[in-house]
Amino acid sequence: MTKNRLSIFFFFDVEGKASNYIYRYLTWLQEVSTDVLVVVNGALCERDQKSMMEMGVRVLLRENRGFDSWAYRQALEHTSWEKVRDYDQLILANFTSYGPVLDPEEMIRV
């Protein structure tokens, strides 16, 4: 059974650029998620904003304040708590992880 999943991926880069591994991670999240929202603390260069939007992920830019948990909270509020309740699962991920290391469906199976 396919799950209705929301993935929220948070990252920060002092130069406002997304490294290649972030795109790999986002591609993986898209394989296992209904919706992917990227939360960027601080700035994100136009090229990366455009690339992410072309991938079909939503991008939320926010002030670099409050660390990971505050970024997730703002993302949930941005999505709306009502819509969040419609998802079966929620994946919270960030740029301090590197992956995936296994088949996406195998990693996410519950």
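In this predicted model, F10 is tucked away: its relative accessible area is 3%, so it counts as buried. F10 also has a ring partner, F95, with the two ring centres 5.7 Å apart and the planes at 70 degrees. Since planes over 60 degrees apart count as edge-to-face, that is the label this pair gets. F95 itself is partly exposed, because its relative accessibility is 24%. F10 sits in strand β1 (residues 5-11), while F95 belongs to the loop between β4 (89-94) and α5 (104-108), so the pair ties together parts that are 85 residues apart in sequence.

Altogether, the structure holds five aromatic pairs. Another of them joins F9 and F11, whose ring centres are 6.4 Å apart; with planes at 40 degrees, this pair is tilted. F9 is buried, at 0% relative accessibility, and F11 is buried too, with a relative accessible area of 1%. Ring pairs also bring in Y25 and W28, making a cluster of F9, F11, Y25 and W28.

Now for the helices. Helix α1 (residues 20-32) packs with helix α2 (residues 46-55) at an angle of about 20 degrees, and their axes are 11 Å apart. Angles under 35 degrees count as roughly parallel, so that is how α1 runs relative to α2. The crossing of α1 past α2 is right-handed. On the α1 side, the contact is made by I22, Y23, L26, T27 and Q30, and α2 supplies D48, S51, M52 and M55.

Key: Residues are numbered from 1 along each chain as its sequence is written. This is a predicted model: local features need pLDDT of at least 70, side-chain atom pairs count only at pLDDT 80 or more; totals for chains, interfaces and linings use all residues. Side-chain values use heavy atoms; hydrogens and water are left out. Axes are lines fitted to C-alpha atoms, for helices over the stretch in contact, and angles run from 0 to 180 degrees between N-to-C directions. Helices (H or I, at least four residues) and strands (E, at least two) are DSSP runs, numbered from the N terminus. Angles under 35 degrees count as roughly parallel, over 145 as roughly antiparallel, 65 to 115 as roughly perpendicular and the rest as oblique. A crossing is left-handed if the near helix is turned anticlockwise from the far one by less than a right angle, and right-handed if clockwise. Contact means heavy atoms within 4.5 Å. Rings of Phe, Tyr and Trp (its six-membered ring) pair if their centres lie within 6.5 Å; planes under 30 degrees apart count as stacked, over 60 as edge-to-face and the rest as tilted. Buried means under 20% relative accessible area, exposed over 50%, partly exposed in between (1.4 Å probe, protein chains only).
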